[in-house]
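Here are some exercises to work through with the sequence and the 3D view side by side. Try each task yourself before you read its solution.

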Amino acid sequence: MTTLIAYATTEGQTRKICRFAADHLVELGQSVELLSVEDAEGMDAHRFDAAILAGSVHAGKVQPALLAFARDHGAALSRMKTLYLQVSLSAAGHDPQEWAELARIADGVAAEIGWTPGRTAQIAGAFRFTQYDFFRTLAMRWIAHQKGEEVDPGGDKEYTDWDGLRALLDEWRSEAPPS
Ligand SMILES: Cc1cc2nc3c(=O)[nH]c(=O)nc-3n(C[C@H](O)[C@H](O)[C@H](O)COP(=O)(O)O)c2cc1C
């Protein structure tokens, strides 16, 4: 079983999540290829049995490069077992409106790529003040304040539930591939 993990990231948390997923699957004896969609030129998706796609939400949108990758390789990917990880800060909370928005974004992803991943999971990301420029720092401090979150503007604050992600991967692995 060879699994492709293809991701897009803006501040690095999705890459960290995908590295964790790769390490976990390798520990379970699977063969894994971890790939940034920026480096996917010439890749043949047909040689994989399963795929995890991951991207993060910024201003209500997922990276266009991830959508382009999923669309370009749709013929192969849509026939294999797939998991789409959508990383955001809304997924760290319990606001029903924000969760409805995450579902709407995921539906939009499926519509844009022209196929629906076998499974979609919303994954809590991180504030990464070490990666933000001046204006992003101001905006993200304001968002943190609105959410009642204490943050250190000189550091990062991670909300990703690593145990939950491990359990999700185990569950997904045991699911049957599409017929
Ligand atoms: C400029 C900016 C805009 C963001 N917009 C959203 C958003 O619309 N909804 C949301 O839930 N999270 C939003 N986030 C949070 C990111 O999705 C979160 O920080 C995630 O961990 C980023 O993943 P990455 O480091 O892989 O890019 C935003 C973050 C930044 C910096």
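## Exercise 1: A threonine in a loop

At 8% relative accessibility, Thr160 counts as buried. Keep in mind that this is a predicted model.

**Task.** Find where Thr160 lies and which residues Thr160 touches, not counting residues up to four places away in sequence.

**Solution.** 
1. Start with the place: Thr160 sits in the loop between strand 8 (156-158) and helix 6 (162-174).
2. Check the burial. Buried means under 20% relative accessible area, and Thr160 has 8%.
3. List the neighbours. Leaving out residues up to four places away in sequence, Thr160 touches Gln13, Ile17, Ile123, Ala124 and Gly125.
4. Look at Ala124 again: the backbone oxygen of Ala124 is 2.7 Å from a polar atom of the Thr160 side chain.

## Exercise 2: The nonpolar cores

**Solution.** 
1. Begin with the core itself. The largest nonpolar core has 28 residues, and Leu4, Leu53, Phe69 and Leu77 have the most contacts inside it.
2. Now turn to the elements.
3. Helix 4 gives the most, with five residues.
4. Zoom in on Leu77. Not counting residues up to four places away in sequence, Leu77 touches Leu4, Ala51, Leu53, Phe69, Ala70, Thr82 and Trp115.
5. Apart from this core lies another, of 21 residues, among them Ala21, Ile123, Leu168 and Leu169.

## Exercise 3: Pairs of opposite charge

Side chains of opposite charge can pair when their charged atoms come close.

**Solution.** 
1. Check the distance: the closest N and O atoms of Glu158 and Lys16 are 2.7 Å apart.
2. Judge their accessibility. Glu158 is partly exposed at 35%, and Lys16 is partly exposed at 37%.
3. Arg166 forms a salt bridge with Asp163, with the closest N and O atoms 2.8 Å apart. Both residues lie in helix 6, three residues apart, which is about one turn of the helix.
4. Here Arg166 is partly exposed, with a relative accessible area of 31%, while Asp163 is exposed at 54%.
5. Finish with a network: salt bridges link Arg119, Glu171 and Glu175.

## Exercise 4: Out on the surface

**Task.** Decide whether Phe135 and Ala59 are buried or exposed.

**Solution.** 
1. Exposed means over 50% relative accessible area. Phe135 has 64%, so Phe135 counts as exposed.
2. Phe135 belongs to helix 5 (residues 134-146). Together with Phe134 and Leu138, Phe135 forms a nonpolar patch on the surface, with about 380 Å² of accessible area together.
3. Ala59 is exposed too, with a relative accessible area of 85%. Ala59 is found in the loop between strand 3 and strand 4 (61-62).
4. Now look at the backbone. Most residues other than glycine have a negative phi. Ala59 has a positive phi of about 50°, although it is not a glycine.

Note on methods:
Residues numbered from 1 in each chain as written. Predicted model: local features only at pLDDT ≥ 70, side-chain atom pairs only at ≥ 80, totals over all residues. Heavy atoms only, no water. Core = buried A, V, L, I, M, F, W, Y, C linked by side-chain atoms within 4.5 Å. Buried < 20%, exposed > 50% of the residue type's maximum accessible area, 1.4 Å probe, protein only. Helix = DSSP H or I, 4+ residues; strand = E, 2+ residues; numbered from the N terminus. Contact = heavy atoms within 4.5 Å. Polar contact = N/O pair within 3.5 Å; in protein donor to acceptor, adjacent residues only side chain to side chain. Patch = residues over 30% accessible without salt bridge, like charges linked within 9 Å, V, L, I, M, F, W, Y side chains within 5 Å. Areas by Shrake-Rupley, 256 points an atom, 1.4 Å probe, with all protein chains shown as cover. Salt bridge = Lys/Arg side-chain N within 4 Å of Asp/Glu carboxyl O.
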